[in-house]
Amino acid sequence: MAFRNKTPSFRHEGHMFFIYNHKKKTEEDDPKDAILYFYPRSVSVDDQVALVGGIIGLADFCQEFLPECIPSIVKLAGHNFALLQHEEYIIGLADSPDVPDRFLTSHMNFVWSTFMFYQGSLESLRERVCDNNFLKELSRIWDMYLPLCQIHGDILSQAFHVLPYVQLHKCQGSLFLHASHILQRSLRHKGVIAGALFNKNKVLCSQLSNTLTRQLLLLMSPSQVRTV
């Protein structure tokens, strides 16, 4: 379900991402406090509040007529936003209007499922770090995740779950066979159900789903080890 808003937006090139706490929307609450995280940081707080507030207002309006359902895509003048609801939070990911809706929602699902895979949920993270450190830790994690989720190919490759495999010459074909045999032998160990072998930031051999393999690829980047 997609909705179009013709209100002009501020100028910004590239991806945008936000996490909004839907419980903090009373008159007593400061609107900016409901935005738990916004990327990129170069966008001013006033622009964040205006942009996210408009999107959330549209989502709330839609829910008045279609309960339990928020629009999956909101189209603004310069960006399309994919929306996702998780408990009391609404998550938004924006890209160029040239990107097909299906690809944008697919990438949103990958980005969010990656966070869930490593962190459990927003509430799980809050419980681990306590309320006082929650926003700081949330920002640190997403500042790391968002650039990493863009590493392995363009958005079309991400939408089709294309994996960056190690390119082997014909004379190196035996390396793949050895890797496959290693994974097969590992299945003999108790508790092992599948595995994958990587070379730097590329896949050599994998028995896992493409989505799970792509999520594990984040571990191949030395800059994010502390986060995941």
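Does Glu87 count as buried, partly exposed or exposed, and at what relative accessibility? In this predicted model, Glu87 has 47% relative accessibility and therefore counts as partly exposed, since that category lies between the cut-off for buried, under 20%, and the cut-off for exposed, over 50%. Glu87 sits in the loop that runs between β5 (80-86) and β6 (89-95), and its backbone has a positive phi of about 55 degrees although the residue is not a glycine.

A positive phi is also found at Cys130, another residue other than glycine, where the angle is near 75 degrees. Here the setting is a helix, for Cys130 belongs to α3 (residues 122-148); with a relative accessibility of 47%, Cys130 counts as partly exposed.

The backbone around Pro40 calls for attention to omega, which is about 5 degrees at the cis peptide bond joining Tyr39 and Pro40. Pro40 has its place in the loop between β3 (35-39) and α1 (45-65).

Within α5, the residues Ala179, Leu183 and Ser186 are buried. Because these residues cover an arc of only 60 degrees around the axis, they lie on the same side of α5.

How values were computed:
Residues numbered from 1 in each chain as written. Predicted model: local features only at pLDDT ≥ 70, side-chain atom pairs only at ≥ 80, totals over all residues. Heavy atoms only, no water. Buried < 20%, exposed > 50% of the residue type's maximum accessible area, 1.4 Å probe, protein only. Helix = DSSP H or I, 4+ residues; strand = E, 2+ residues; numbered from the N terminus. Arc of directions from axis to C-beta.
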